[in-house]
Structure formats: structure tokens, C-alpha cells
Amino acid sequence: MKLRHLVVAILLAANVITAIGVVHARHDYRQLYIDLTRLERARDELNIDFGRLQLEQATWAMSNRVDQVARERLGMRFPETAEIVVVRP
């Protein structure tokens, strides 16, 4: 009879420990899922910002924009034919 009580007690303890393990695993899973969702949202925001920056870079790098800035801000111009010197090796 004592052996039977001991086996029941061991099985009960194992059952409780397993239940606690399941609760702990579910908690960890939920925390990781929350982190994943947050990181995916941050990734999506960064992808949107990257797209905007690529568009802005393309706008600023357009040749007519560069030409306009060179003329207006830097006072640059195309050289006259007489000002061109060809250097030969």
C-alpha cells in the first residue's frame, strides 16, 4: 500500500512539474511573439524610410538638378571652345 502511495505522489509531482513547464513555455512563446511583432513593425517602418530615401537620392542626383546647383550655387559653366585643352600622353 505504501508503494502505491509513493507512486501516486511521484506521478502527481511529475504532473505538477510538467504543468508548470507548459505554462512557462507558453509564456516564453508569447513574449517571443510580441518581440517578433515589434521587430517586424520596426522592419516595415525602416523599409518605408529606405524607399523614401532612395527616392530622395534619385531626385537629388538627377543630372539636371546637379547642373542647376553647379550653375546657381557654384557659378560653374561649360567651357568655351577656346578654353578646352586636349592633353595627349
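1. R38 has a relative accessibility of 45% and therefore counts as partly exposed (buried is under 20% relative accessible area, exposed over 50%, partly exposed in between, with a 1.4 Å probe and protein chains only). This is a predicted model, in which local features need pLDDT of at least 70 and side-chain atom pairs count only at pLDDT 80 or more, while totals for chains, interfaces and linings use all residues. Residues are numbered from 1 along each chain as its sequence is written, and side-chain values use heavy atoms, with hydrogens and water left out.

2. The partner of R38 is D35: the two form a salt bridge whose closest N and O atoms are 3.7 Å apart (a salt bridge is a side-chain nitrogen of Lys or Arg within 4 Å of a carboxyl oxygen of Asp or Glu). D35 and R38 are three residues apart in helix 1, so about one helical turn separates them (helices are DSSP runs of H or I with at least four residues, strands are runs of E with at least two, and both are numbered from the N terminus). D35 is partly exposed too, at 32% relative accessibility. Side chains of opposite charge can pair when their charged atoms come close.

3. The structure holds five salt bridges. Another of them joins the side chains of R52 and D49, at 3.7 Å from N to O. These residues are also in helix 1, and because R52 and D49 lie three residues apart, about one helical turn separates them. R52 counts as exposed at 57% relative accessibility, whereas D49 is partly exposed with a relative accessible area of 38%.

4. In helix 2 (residues 63-72), D67 and R71 are four residues apart, which means a separation of about one helical turn. Their side chains meet in a salt bridge at 3.1 Å, N to O. D67 is partly exposed at 32% relative accessibility, and R71 is partly exposed at 39%.

5. For residues 29-56, an unreviewed UniProt entry lists "coiled-coil region"; UniProt positions follow the numbering used here, feature names are shortened, and annotations may be inferred rather than shown by experiment. In the model, this stretch, residues 29-56, is 100% helix and 0% strand, with its end C-alpha atoms 40 Å apart.

6. E45 is placed in helix 1, which covers residues 2-60. With 48% relative accessibility, E45 counts as partly exposed. From E45 to A13 the C-alpha to C-alpha distance is 48 Å, at a sequence separation of 32 residues.
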